[in-house]
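Take a look at the model below. We will walk through one chain step by step.

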Amino acid sequence: MPDEATPVPSPELKAEIKKLIIETLKISDVKPEDIDDSASLFENNPVLQLDSVDALEIVMALQRTYGVHIDDQNIGRFIIKSVDSIAEFVAKEKAKASGK
Amino acid sequence: MSRIPFEHKLAAHCESGMLSALLKHKGVTLSEPMVLGLTGAIFFVFIKTPHMVFPVFDMRSRPGDMRKNLGKRLGIRFRTQNFRDPAKARASLDSLVEQGIPTTVQVDMFYMDYIPSYMRTHFNAHFIIVVGKEGNDFLVSDCYYPSISKLSQESLDKARFAKSDFAPKGFQFYIESLPQNGVSETAIKDAVLTGIKQGASNMIKLPVPFIGIKGMRRFADNIPSWPKIARNADALSHAIMSIHITLEERGTGGGGFRFMYASFLQEAARLCNRPEFSDMSKRIMAIGDRWREISLFVARIGKDRDLGDNRMQEIRGMIRSQADQEEAFFKDLLAMVK
(Lines give C-alpha, C1' and ligand atoms only; values in the text may rest on other atoms or scores of the structure.)
Protein backbone atom coordinates (compact mmCIF):
# COMPACT_ATOMS: atom_id res chain seq x y z
CA MET A 1 0.00 0.00 0.00
CA PRO A 2 1.40 3.40 -0.92
CA ASP A 3 1.96 5.71 2.03
CA GLU A 4 1.04 9.41 1.97
CA ALA A 5 4.41 10.40 0.53
CA THR A 6 4.22 7.96 -2.38
CA PRO A 7 3.59 9.80 -5.66
CA VAL A 8 0.72 8.47 -7.74
CA PRO A 9 2.11 6.99 -10.96
CA SER A 10 0.61 8.38 -14.17
CA PRO A 11 -1.27 6.24 -16.74
CA GLU A 12 1.46 7.21 -19.23
CA LEU A 13 4.15 5.71 -16.99
CA LYS A 14 2.15 2.49 -16.68
CA ALA A 15 1.74 2.30 -20.47
CA GLU A 16 5.48 2.90 -20.89
CA ILE A 17 6.26 0.08 -18.44
CA LYS A 18 3.96 -2.35 -20.26
CA LYS A 19 5.71 -1.49 -23.53
CA LEU A 20 9.08 -1.98 -21.86
CA ILE A 21 8.09 -5.44 -20.57
CA ILE A 22 6.86 -6.53 -24.01
CA GLU A 23 9.94 -5.22 -25.82
CA THR A 24 12.42 -6.54 -23.25
CA LEU A 25 10.95 -10.03 -23.30
CA LYS A 26 10.32 -9.91 -27.07
CA ILE A 27 6.71 -11.00 -26.70
CA SER A 28 5.18 -10.59 -30.13
CA ASP A 29 1.61 -11.69 -29.47
CA VAL A 30 0.76 -9.42 -26.51
CA LYS A 31 -0.18 -5.73 -26.72
CA PRO A 32 0.17 -3.25 -23.82
CA GLU A 33 -3.62 -3.06 -23.48
CA ASP A 34 -3.78 -6.84 -22.91
CA ILE A 35 -1.90 -6.43 -19.61
CA ASP A 36 -3.99 -5.66 -16.55
CA ASP A 37 -2.35 -2.99 -14.32
CA SER A 38 -3.04 -4.76 -11.05
CA ALA A 39 -2.72 -8.43 -12.10
CA SER A 40 0.29 -10.45 -11.00
CA LEU A 41 2.80 -10.70 -13.83
CA PHE A 42 3.86 -14.13 -12.66
CA GLU A 43 1.46 -16.56 -11.01
CA ASN A 44 -1.83 -17.31 -12.72
CA ASN A 45 -1.40 -14.60 -15.33
CA PRO A 46 -3.21 -15.92 -18.41
CA VAL A 47 -1.46 -13.42 -20.69
CA LEU A 48 2.18 -13.31 -19.62
CA GLN A 49 3.14 -16.15 -17.21
CA LEU A 50 6.63 -14.85 -16.56
CA ASP A 51 9.37 -16.69 -14.67
CA SER A 52 12.37 -15.67 -12.55
CA VAL A 53 14.64 -15.20 -15.57
CA ASP A 54 12.07 -12.81 -17.09
CA ALA A 55 12.01 -11.04 -13.72
CA LEU A 56 15.76 -10.45 -13.88
CA GLU A 57 15.42 -9.17 -17.48
CA ILE A 58 12.77 -6.69 -16.30
CA VAL A 59 14.94 -5.58 -13.34
CA MET A 60 17.85 -4.85 -15.70
CA ALA A 61 15.60 -3.10 -18.24
CA LEU A 62 14.22 -0.84 -15.48
CA GLN A 63 17.78 -0.01 -14.46
CA ARG A 64 18.76 0.87 -18.06
CA THR A 65 15.61 2.89 -18.76
CA TYR A 66 14.97 4.72 -15.49
CA GLY A 67 18.29 4.40 -13.68
CA VAL A 68 16.62 2.60 -10.76
CA HIS A 69 18.65 -0.13 -9.10
CA ILE A 70 16.78 -3.05 -7.57
CA ASP A 71 19.56 -4.69 -5.60
CA ASP A 72 17.68 -7.43 -3.97
CA GLN A 73 15.60 -10.13 -5.61
CA ASN A 74 13.69 -10.87 -2.38
CA ILE A 75 12.49 -7.31 -2.22
CA GLY A 76 12.48 -7.06 -6.01
CA ARG A 77 9.86 -9.77 -6.32
CA PHE A 78 7.39 -7.52 -4.47
CA ILE A 79 8.33 -4.54 -6.64
CA ILE A 80 7.88 -6.33 -9.95
CA LYS A 81 4.72 -8.13 -8.87
CA SER A 82 2.49 -6.10 -11.20
CA VAL A 83 2.54 -3.07 -13.51
CA ASP A 84 1.01 -1.04 -10.66
CA SER A 85 3.77 -1.98 -8.20
CA ILE A 86 6.54 -1.31 -10.74
CA ALA A 87 5.04 2.09 -11.61
CA GLU A 88 4.76 3.02 -7.92
CA PHE A 89 8.40 2.11 -7.38
CA VAL A 90 9.64 4.01 -10.45
CA ALA A 91 7.55 7.08 -9.57
CA LYS A 92 8.89 7.00 -6.00
CA GLU A 93 12.50 6.63 -7.11
CA LYS A 94 12.11 9.43 -9.69
CA ALA A 95 10.65 11.71 -7.02
CA LYS A 96 13.50 10.81 -4.66
CA ALA A 97 16.09 11.56 -7.36
CA SER A 98 14.54 14.94 -8.13
CA GLY A 99 14.45 15.76 -4.41
CA LYS A 100 10.65 16.04 -4.13
CA MET B 1 -1.18 -16.95 23.75
CA SER B 2 1.91 -14.77 23.71
CA ARG B 3 3.32 -12.29 21.27
CA ILE B 4 6.63 -10.49 21.73
CA PRO B 5 6.56 -6.92 20.35
CA PHE B 6 9.03 -7.34 17.52
CA GLU B 7 9.87 -5.11 14.56
CA HIS B 8 9.63 -7.26 11.47
CA LYS B 9 11.53 -6.30 8.33
CA LEU B 10 12.16 -7.78 4.90
CA ALA B 11 15.81 -8.47 4.20
CA ALA B 12 17.97 -9.80 1.41
CA HIS B 13 19.61 -12.66 3.27
CA CYS B 14 18.21 -14.70 6.13
CA GLU B 15 21.28 -14.82 8.38
CA SER B 16 22.38 -11.18 8.10
CA GLY B 17 18.76 -9.91 8.06
CA MET B 18 17.81 -12.00 11.08
CA LEU B 19 20.87 -10.86 13.09
CA SER B 20 20.14 -7.23 12.25
CA ALA B 21 16.53 -7.67 13.46
CA LEU B 22 17.59 -9.45 16.69
CA LEU B 23 20.02 -6.63 17.47
CA LYS B 24 17.37 -4.00 16.76
CA HIS B 25 15.13 -5.69 19.31
CA LYS B 26 17.93 -5.20 21.86
CA GLY B 27 18.30 -1.54 20.91
CA VAL B 28 21.37 -1.90 18.70
CA THR B 29 20.96 -0.46 15.21
CA LEU B 30 23.15 -2.30 12.74
CA SER B 31 21.93 -2.58 9.17
CA GLU B 32 21.97 -5.85 7.27
CA PRO B 33 24.88 -4.74 5.01
CA MET B 34 26.85 -3.76 8.16
CA VAL B 35 26.31 -7.26 9.57
CA LEU B 36 27.65 -8.76 6.33
CA GLY B 37 30.64 -6.44 6.14
CA LEU B 38 31.85 -6.27 9.70
CA THR B 39 31.65 -10.04 10.09
CA GLY B 40 33.93 -10.41 7.04
CA ALA B 41 31.36 -12.60 5.33
CA ILE B 42 32.11 -11.59 1.72
CA PHE B 43 33.55 -14.70 0.16
CA PHE B 44 33.89 -17.13 -2.72
CA VAL B 45 34.19 -20.87 -2.30
CA PHE B 46 34.37 -23.57 -4.96
CA ILE B 47 32.62 -26.72 -3.72
CA LYS B 48 33.04 -30.16 -5.26
CA THR B 49 32.48 -33.34 -3.30
CA PRO B 50 32.73 -36.93 -4.63
CA HIS B 51 28.95 -37.34 -4.79
CA MET B 52 28.45 -34.16 -6.84
CA VAL B 53 28.39 -34.32 -10.63
CA PHE B 54 28.91 -30.57 -11.10
CA PRO B 55 30.76 -28.27 -8.73
CA VAL B 56 28.87 -25.41 -7.09
CA PHE B 57 29.99 -22.20 -5.42
CA ASP B 58 28.95 -19.84 -2.68
CA MET B 59 29.74 -16.16 -2.21
CA ARG B 60 29.42 -15.81 1.55
CA SER B 61 31.11 -17.40 4.53
CA ARG B 62 29.77 -20.54 6.26
CA PRO B 63 26.37 -20.39 7.98
CA GLY B 64 26.97 -19.43 11.62
CA ASP B 65 30.16 -17.43 10.98
CA MET B 66 28.31 -14.11 10.93
CA ARG B 67 26.85 -14.77 14.39
CA LYS B 68 30.20 -15.92 15.82
CA ASN B 69 32.13 -12.93 14.42
CA LEU B 70 29.44 -10.49 15.51
CA GLY B 71 29.68 -11.89 19.04
CA LYS B 72 33.46 -11.78 19.07
CA ARG B 73 33.79 -8.27 17.59
CA LEU B 74 31.02 -6.48 19.44
CA GLY B 75 31.04 -8.39 22.74
CA ILE B 76 27.55 -9.84 22.24
CA ARG B 77 26.85 -13.14 23.96
CA PHE B 78 24.64 -15.55 22.08
CA ARG B 79 23.21 -18.56 23.86
CA THR B 80 23.16 -21.47 21.39
CA GLN B 81 21.48 -24.84 21.85
CA ASN B 82 21.06 -28.08 19.86
CA PHE B 83 18.50 -30.79 20.50
CA ARG B 84 18.04 -34.39 19.51
CA ASP B 85 14.50 -34.69 20.83
CA PRO B 86 11.84 -32.55 19.08
CA ALA B 87 9.68 -32.51 22.24
CA LYS B 88 12.52 -31.04 24.31
CA ALA B 89 13.29 -28.52 21.55
CA ARG B 90 9.65 -27.45 21.48
CA ALA B 91 9.47 -27.16 25.27
CA SER B 92 12.59 -25.01 25.34
CA LEU B 93 11.24 -22.75 22.60
CA ASP B 94 7.87 -22.45 24.36
CA SER B 95 9.63 -21.43 27.54
CA LEU B 96 11.80 -18.79 25.79
CA VAL B 97 8.80 -17.30 23.99
CA GLU B 98 6.89 -17.26 27.29
CA GLN B 99 9.79 -15.27 28.81
CA GLY B 100 9.55 -12.76 25.92
CA ILE B 101 12.85 -13.75 24.29
CA PRO B 102 12.86 -13.67 20.46
CA THR B 103 14.61 -16.89 19.49
CA THR B 104 16.22 -17.78 16.19
CA VAL B 105 15.74 -21.32 14.93
CA GLN B 106 17.48 -23.02 12.03
CA VAL B 107 15.00 -24.64 9.65
CA ASP B 108 14.50 -26.38 6.32
CA MET B 109 12.85 -23.61 4.27
CA PHE B 110 10.60 -26.12 2.49
CA TYR B 111 8.31 -26.36 5.54
CA MET B 112 7.70 -22.59 5.81
CA ASP B 113 4.16 -23.00 4.50
CA TYR B 114 3.32 -19.27 4.60
CA ILE B 115 5.75 -18.83 1.65
CA PRO B 116 4.16 -19.62 -1.75
CA SER B 117 5.01 -23.19 -2.76
CA TYR B 118 6.81 -22.16 -5.96
CA MET B 119 9.35 -20.23 -3.88
CA ARG B 120 10.09 -23.04 -1.42
CA THR B 121 12.94 -25.51 -1.80
CA HIS B 122 14.67 -27.85 0.63
CA PHE B 123 17.37 -25.71 2.19
CA ASN B 124 18.45 -26.63 5.70
CA ALA B 125 20.34 -23.46 6.66
CA HIS B 126 17.44 -21.01 6.70
CA PHE B 127 16.97 -18.89 9.84
CA ILE B 128 13.73 -17.48 11.22
CA ILE B 129 12.92 -15.77 14.52
CA VAL B 130 10.13 -17.12 16.72
CA VAL B 131 8.31 -14.20 18.32
CA GLY B 132 5.16 -15.69 19.79
CA LYS B 133 2.65 -18.47 19.98
CA GLU B 134 -1.11 -18.65 19.37
CA GLY B 135 -2.62 -21.99 20.28
CA ASN B 136 -0.57 -24.58 18.41
CA ASP B 137 0.88 -22.08 15.95
CA PHE B 138 4.16 -20.27 16.34
CA LEU B 139 4.44 -16.65 15.22
CA VAL B 140 7.57 -16.24 13.16
CA SER B 141 9.50 -13.35 11.69
CA ASP B 142 11.00 -14.60 8.42
CA CYS B 143 12.83 -11.83 6.57
CA TYR B 144 11.95 -13.44 3.22
CA TYR B 145 8.26 -12.77 3.86
CA PRO B 146 6.60 -9.33 4.22
CA SER B 147 4.88 -9.88 7.58
CA ILE B 148 4.99 -11.94 10.76
CA SER B 149 3.39 -15.28 9.94
CA LYS B 150 1.87 -18.29 11.64
CA LEU B 151 3.61 -21.63 11.40
CA SER B 152 2.11 -24.81 12.84
CA GLN B 153 3.97 -26.68 15.53
CA GLU B 154 4.01 -29.73 13.25
CA SER B 155 5.64 -27.82 10.36
CA LEU B 156 8.19 -26.23 12.67
CA ASP B 157 9.10 -29.63 14.14
CA LYS B 158 9.65 -31.05 10.65
CA ALA B 159 11.67 -28.00 9.63
CA ARG B 160 13.90 -28.11 12.73
CA PHE B 161 14.64 -31.81 12.43
CA ALA B 162 15.00 -32.19 8.66
CA LYS B 163 17.84 -34.49 7.57
CA SER B 164 20.59 -34.15 4.91
CA ASP B 165 23.34 -31.50 4.42
CA PHE B 166 23.42 -28.73 7.06
CA ALA B 167 20.75 -30.62 9.08
CA PRO B 168 19.48 -28.10 11.70
CA LYS B 169 19.41 -30.66 14.57
CA GLY B 170 17.06 -28.42 16.49
CA PHE B 171 19.56 -25.57 16.56
CA GLN B 172 18.34 -22.37 18.22
CA PHE B 173 19.90 -19.27 19.70
CA TYR B 174 19.11 -15.92 21.24
CA ILE B 175 20.98 -12.87 22.53
CA GLU B 176 21.91 -13.54 26.14
CA SER B 177 23.65 -10.25 26.83
CA LEU B 178 25.19 -7.14 25.35
CA PRO B 179 28.35 -5.48 26.68
CA GLN B 180 27.71 -3.72 29.99
CA ASN B 181 27.82 -0.25 28.44
CA GLY B 182 26.09 -1.28 25.24
CA VAL B 183 27.65 -1.55 21.80
CA SER B 184 29.73 1.58 21.32
CA GLU B 185 30.37 3.39 18.06
CA THR B 186 34.09 2.83 18.59
CA ALA B 187 33.53 -0.92 18.80
CA ILE B 188 31.54 -0.82 15.56
CA LYS B 189 34.24 1.23 13.80
CA ASP B 190 36.94 -1.23 14.92
CA ALA B 191 34.78 -4.15 13.82
CA VAL B 192 34.27 -2.54 10.40
CA LEU B 193 38.02 -2.37 9.81
CA THR B 194 38.57 -5.91 11.12
CA GLY B 195 35.72 -7.17 8.92
CA ILE B 196 37.14 -5.50 5.81
CA LYS B 197 40.56 -6.95 6.55
CA GLN B 198 39.14 -10.43 7.06
CA GLY B 199 36.92 -10.36 3.96
CA ALA B 200 39.68 -9.06 1.68
CA SER B 201 42.24 -11.50 3.12
CA ASN B 202 39.87 -14.42 2.58
CA MET B 203 39.45 -13.38 -1.04
CA ILE B 204 43.11 -12.94 -1.96
CA LYS B 205 45.43 -14.28 0.75
CA LEU B 206 44.27 -17.72 1.81
CA PRO B 207 46.64 -20.33 0.39
CA VAL B 208 43.78 -22.69 -0.44
CA PRO B 209 43.02 -23.40 -4.12
CA PHE B 210 39.24 -23.46 -3.77
CA ILE B 211 38.71 -20.27 -1.74
CA GLY B 212 38.59 -16.65 -2.86
CA ILE B 213 39.94 -15.57 -6.25
CA LYS B 214 41.71 -18.91 -6.69
CA GLY B 215 38.39 -20.70 -6.18
CA MET B 216 36.67 -18.35 -8.63
CA ARG B 217 39.21 -19.18 -11.35
CA ARG B 218 38.99 -22.87 -10.54
CA PHE B 219 35.22 -22.76 -10.91
CA ALA B 220 35.49 -20.86 -14.22
CA ASP B 221 38.03 -23.32 -15.63
CA ASN B 222 35.84 -26.27 -14.67
CA ILE B 223 32.83 -25.14 -16.72
CA PRO B 224 34.07 -26.14 -20.23
CA SER B 225 34.17 -29.78 -19.05
CA TRP B 226 30.47 -29.79 -18.10
CA PRO B 227 29.02 -30.85 -21.49
CA LYS B 228 31.15 -34.03 -21.31
CA ILE B 229 30.03 -34.98 -17.81
CA ALA B 230 26.35 -34.05 -18.20
CA ARG B 231 24.11 -37.05 -18.86
CA ASN B 232 21.84 -34.97 -21.10
CA ALA B 233 20.94 -31.40 -22.10
CA ASP B 234 18.46 -31.04 -19.24
CA ALA B 235 21.11 -31.89 -16.64
CA LEU B 236 23.55 -29.43 -18.22
CA SER B 237 20.89 -26.74 -18.40
CA HIS B 238 20.04 -27.31 -14.73
CA ALA B 239 23.71 -27.00 -13.73
CA ILE B 240 24.16 -23.82 -15.77
CA MET B 241 20.94 -22.32 -14.37
CA SER B 242 22.19 -23.04 -10.85
CA ILE B 243 24.86 -20.35 -11.42
CA HIS B 244 22.03 -17.84 -11.89
CA ILE B 245 20.24 -19.11 -8.78
CA THR B 246 23.37 -18.85 -6.62
CA LEU B 247 24.11 -15.33 -7.85
CA GLU B 248 20.65 -13.80 -7.72
CA GLU B 249 18.08 -15.95 -6.01
CA ARG B 250 19.56 -17.36 -2.84
CA GLY B 251 19.15 -14.30 -0.73
CA THR B 252 22.34 -12.68 -1.97
CA GLY B 253 20.88 -9.21 -2.28
CA GLY B 254 21.78 -9.42 -5.97
CA GLY B 255 25.09 -9.71 -7.81
CA GLY B 256 26.27 -12.45 -5.44
CA PHE B 257 26.29 -10.29 -2.26
CA ARG B 258 28.35 -7.62 -4.05
CA PHE B 259 25.53 -5.02 -3.99
CA MET B 260 25.09 -5.55 -0.26
CA TYR B 261 28.84 -5.21 0.24
CA ALA B 262 28.71 -1.93 -1.72
CA SER B 263 26.06 -0.64 0.73
CA PHE B 264 28.28 -1.72 3.62
CA LEU B 265 31.24 0.25 2.23
CA GLN B 266 29.03 3.33 1.80
CA GLU B 267 28.00 3.13 5.45
CA ALA B 268 31.57 2.39 6.51
CA ALA B 269 32.78 5.51 4.65
CA ARG B 270 30.41 7.70 6.66
CA LEU B 271 30.92 5.99 9.98
CA CYS B 272 34.72 5.85 9.83
CA ASN B 273 35.08 9.13 7.90
CA ARG B 274 36.98 7.31 5.16
CA PRO B 275 35.80 8.73 1.79
CA GLU B 276 37.97 6.20 -0.06
CA PHE B 277 35.56 3.44 1.04
CA SER B 278 32.86 5.26 -0.88
CA ASP B 279 34.91 5.00 -4.09
CA MET B 280 35.43 1.31 -3.37
CA SER B 281 31.68 0.98 -2.93
CA LYS B 282 31.17 2.21 -6.50
CA ARG B 283 33.77 -0.25 -7.78
CA ILE B 284 32.18 -3.28 -6.12
CA MET B 285 28.75 -2.09 -7.29
CA ALA B 286 30.02 -2.19 -10.88
CA ILE B 287 31.47 -5.66 -10.24
CA GLY B 288 28.06 -6.71 -8.89
CA ASP B 289 26.41 -5.39 -12.07
CA ARG B 290 28.67 -7.65 -14.11
CA TRP B 291 27.81 -10.65 -11.91
CA ARG B 292 24.18 -9.84 -12.63
CA GLU B 293 24.91 -9.79 -16.37
CA ILE B 294 26.55 -13.21 -16.06
CA SER B 295 23.52 -14.41 -14.14
CA LEU B 296 21.20 -13.27 -16.90
CA PHE B 297 23.47 -14.73 -19.60
CA VAL B 298 23.54 -18.21 -18.02
CA ALA B 299 19.81 -18.06 -17.31
CA ARG B 300 19.06 -17.22 -20.95
CA ILE B 301 21.26 -19.92 -22.47
CA GLY B 302 20.03 -22.45 -19.92
CA LYS B 303 16.43 -21.66 -20.72
CA ASP B 304 17.04 -21.78 -24.48
CA ARG B 305 19.22 -24.92 -24.24
CA ASP B 306 21.90 -22.96 -26.10
CA LEU B 307 24.69 -24.91 -24.43
CA GLY B 308 27.45 -25.50 -26.95
CA ASP B 309 31.17 -25.59 -26.12
CA ASN B 310 31.55 -21.98 -27.25
CA ARG B 311 28.96 -20.88 -24.66
CA MET B 312 30.85 -22.74 -21.90
CA GLN B 313 34.04 -20.93 -22.96
CA GLU B 314 32.17 -17.62 -22.85
CA ILE B 315 31.02 -18.25 -19.26
CA ARG B 316 34.55 -19.27 -18.31
CA GLY B 317 35.90 -16.03 -19.79
CA MET B 318 33.31 -13.88 -18.03
CA ILE B 319 33.97 -15.44 -14.61
CA ARG B 320 37.75 -15.22 -15.07
CA SER B 321 37.35 -11.56 -15.93
CA GLN B 322 35.37 -11.10 -12.70
CA ALA B 323 38.18 -12.84 -10.82
CA ASP B 324 40.68 -10.32 -12.24
CA GLN B 325 38.44 -7.41 -11.26
CA GLU B 326 37.82 -8.74 -7.76
CA GLU B 327 41.49 -9.54 -7.22
CA ALA B 328 42.43 -5.93 -8.00
CA PHE B 329 39.52 -4.64 -5.90
CA PHE B 330 40.31 -6.67 -2.77
CA LYS B 331 44.05 -5.93 -3.03
CA ASP B 332 43.29 -2.20 -3.05
CA LEU B 333 40.77 -2.58 -0.23
CA LEU B 334 43.18 -4.56 1.92
CA ALA B 335 45.89 -1.95 1.38
CA MET B 336 43.51 0.67 2.85
CA VAL B 337 43.09 -1.15 6.18
CA LYS B 338 46.60 -2.53 6.73
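How many Å separate the centres of domain 1 of chain B and domain 2 of chain B, taken over C-alpha atoms? The centres are 29 Å apart. Domain 1 of chain B covers 2-30 + 77-177, and domain 2 covers 185-337; such bounds come from an automatic or database domain assignment. The two domains touch: four residues from domain 1 of chain B and four residues from domain 2 of chain B take part. Contact here puts two C-beta atoms, placed from the backbone, within 7 Å. On the domain 1 side, three residues are nonpolar, one is polar and none is charged. Nonpolar covers Ala, Val, Leu, Ile, Met, Phe, Trp, Tyr, Cys and Pro; charged covers Asp, Glu, Lys and Arg; the others, Gly among them, are polar.

This is a predicted model: local features need pLDDT of at least 70, side-chain atom pairs count only at pLDDT 80 or more, and totals for chains, interfaces and linings use all residues. Residues are numbered from 1 along each chain as its sequence is written, while chains are lettered from A and ligands numbered from 1 in the order in which they are written.

Now find B:Leu30. This residue sits in the loop between α1 (14-25) and α2 (32-38) of chain B. Helices are DSSP runs (H or I, at least four residues), numbered from the N terminus. The C-alpha atom of B:Leu30 lies 9.0 Å from that of B:Ile188, 158 residues apart along the chain.

Finally, turn to the other chain. Chain B gives 16 residues to the contact, and chain A gives eleven. On the chain B side, α11(B) supplies the largest share, six residues.

Notes: Helices (H or I, at least four residues) and strands (E, at least two) are DSSP runs, numbered from the N terminus.
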